[in-house]
Amino acid sequence: MLSDILWSLIILTFCIYGLSRPYIALSGVIWMDTLKPQNLSFSFLAGKPLSLIITALFFMSLLLNFKKGLKKPCVKLPTLLLFMFMIWITITTYHAQFPASAWFKYDFSIKTMILASFIPFVIHKKNHLHTVITILTVAIAYYLLIGGWRSVTGGGAYGQSLVQTSAGDSGITETSTLSMVGVFTIPLIYYISKHSIFAQKISLFKPISILLIGSSILTVFGTYARTGLVGLGVLVAYSFKQSNKKMRYILIIPLIILFSLPFLPDEWSERMSTITNASEESSALGRIVVWRWTLDFASENPIYGGGFNAYMANKGVLHLYHDEQEVSVNYRENGKAFHNIFFEVLGEHGYIGLVLYCGIILVPLFLNRKLSKDITANFWAQDLAKTLNLCIIIYCVCGMFIGVAFSPWIYLFMGMTVALQNVVHYEKSTELTYSSAREH
């Protein structure tokens with residue numbers, strides 16, 4: 001009841017300020033679609049169409065502030081690729097092998113992409129971009145705080161959700177997905193604590209950031225998901241490569257591991273020990289078997305794929321892709337999901353869809369890398385470019401083991417990347433205009 005009142009006040013705040021500020025209304029949509037309070041509520045907000053309400057607010061704000069609220073992005077290729085991808089998945093859904101299931105997944109996937117496509121048009125100032133990143137991080141923090149607390153109190157276990165909701169999986173609570181989100185949120189929190197105006201104005205912001213980073217790490221361990229451990233490895237390796245104080249990592253990381261090992265249960269250690277032996281562990285081998293099937297399926301359906309949820313076509317045939325010398329795998333009656341973002345797109349939308357999807361990933365990586373090395377850009381922009389690239393890399397590595405190709409993360413990171421390019425372009429053009437005015 002109290003949480004519902006708090007969420008209602010937050011929604012009301014977004015409504016009041018968002019009507020005249022499209023970037024706040026957009027932040028409200030991101031907060032709503034990430035936190036999903038209607039799925040967490042056991043009181044009067046439960047099941048209410050809150051996402052529809054806040055989305056309607058966003059479009060109303062765009063109409064009321066059309067001239068000052070929308071600007072063309074200075075870099076058009078990522079947004080063009082996203083529009084092409086949206087058109088293509090619409091076409092493949094019309095040709096889907098399982099239409100009812102395909103249109104259901106299409107519904108929330110296309111909404112996610114449409115939202116992300118507006119980010120480059122709405123965000124063109126530094127504070128606007130920081131607001132969006134902070135709101136996204138705050139929405140995720142709810143899950144991380146609960147996950148961290150349950151991990152400390154012994155609530156974590158393999159196959160059990162750390163965060164319980166009234167509507168089942170809300171898009172984050174599945175263990176492997178939660179562990180991935182927990183990892184890529186760490187660099188976002190760190191960036192905000194260094195550069196955000198909120199960190200400068202709120203004295204307790206940095207201690208809260210440390211608490212959230214700790215909760216993120218605890219959540220990753222508490223999920224018992226190997227995906228999270230791999231993601232943490234990528235985070236540590238990337239941070240080590242970027243650091244000018246590598247000796248600190250060499251000394252601190254082994255100490256953290258040695259200190260943590262006695263507190264980790266035997267079940268967790270046994271679970272992580274299977275990472276290097278996929279052929280001897282049924283869960284990991286099951287993924288490999290599906291990937292083998294997907295390559296054959298894509299060769300038979302190279303253009304359109306099978307449409308959303310095409311994995312259902314592997315029902316009753318996966319045993320043909322299973323070597324007798326490998327450990328036995330319990331295949332599901334309705335087929336086994338792809339468990340890989342690239343195989344997911346390939347199987348569902350063919351090779352054309354895969355090329356477009358890879359472009360949505362690679363172009364932002366290139367743009368961020370270029371900006372991070374641009375000596376004329378401000379330090380905060382260089383730092384954010386590195387942060388976004390790290391988030392994308394973590395998403396891709398963790399996505400090798402889970403089917404999150406149509407979760408919002410990569411599309412939000414793409415939108416933020418283009419928005420960052422907008423902000424940097426706007427700042428440089430403003431500085432040139434100011435310099436020219438002074439010279440005259």
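Where is the place of His339? I located His339 in the loop between H15 and H16, where helices are DSSP runs of H or I with at least four residues, strands are runs of E with at least two, and both are numbered from the N terminus.

**Entry 1: basis.** I worked from a predicted model, in which local features need pLDDT of at least 70 and side-chain atom pairs count only at pLDDT 80 or more, while totals for chains, interfaces and linings use all residues. Residues are numbered from 1 along each chain as its sequence is written, and side-chain values use heavy atoms, with hydrogens and water left out.

**Entry 2: the chain.** I noted 18 helices and zero strands in the protein chain. Of its 440 residues, 51% count as buried; buried means under 20% relative accessible area, exposed over 50%, and partly exposed in between, with a 1.4 Å probe and protein chains only. The chain exposes about 21,200 Å², of which carbon and sulfur atoms supply 65% (Shrake-Rupley method, 1.4 Å probe). I also looked up contacts between residues at least 6 apart in sequence: 79% of them join residues at least 24 apart, contact meaning heavy atoms within 4.5 Å.

**Entry 3: the loop between H15 and H16.** I returned to His339 for its backbone and found phi near 55°, a positive value in a residue other than glycine. His339 counts as buried because its relative accessibility is 17%. Asn309 lies in the loop between H15 and H16, and its phi is near 60°, likewise positive in a residue other than glycine. At 13% relative accessibility, Asn309 counts as buried. For context, most residues other than glycine have a negative phi.

I then looked up Tyr304, placed in the loop between helix H15 (282–300) and helix H16 (341–372). Tyr304 has a relative accessible area of 34% and is therefore partly exposed. Leaving aside neighbours within four places in sequence, Tyr304 is in contact with Trp88, Ile91, Thr92, His95, Glu348, His349 and Gly350.

**Entry 4: H2 with H7.** I checked helix H2 (residues 22–35) against helix H7 (residues 99–122): their axes come within 11 Å and cross at roughly 155°. Axes are lines fitted to C-alpha atoms, for helices over the stretch in contact, and angles run from 0 to 180 degrees between N-to-C directions. H2 is therefore roughly antiparallel to H7; angles over 145 degrees count as such, those under 35 as roughly parallel, 65 to 115 as roughly perpendicular and the rest as oblique. On the H2 side I listed Pro22, Tyr23, Leu26, Val29, Ile30 and Asp33, which meet Leu115, Ile119 and Val122 in H7. By class, this contact has eight nonpolar, no polar and one charged residues; Ala, Val, Leu, Ile, Met, Phe, Trp, Tyr, Cys and Pro count as nonpolar, Asp, Glu, Lys and Arg as charged, and the others, Gly among them, as polar.

**Entry 5: H9 with H11.** Helix H9 (residues 175–195) and helix H11 (residues 205–222) pack at about 160°, with axes 8 Å apart. That makes H9 roughly antiparallel to H11. The residues of this contact divide into 10 nonpolar, six polar and one charged.

**Entry 6: Thr417.** I found Thr417 in helix H18 (residues 409–439). Thr417 counts as buried, at 0% relative accessibility.
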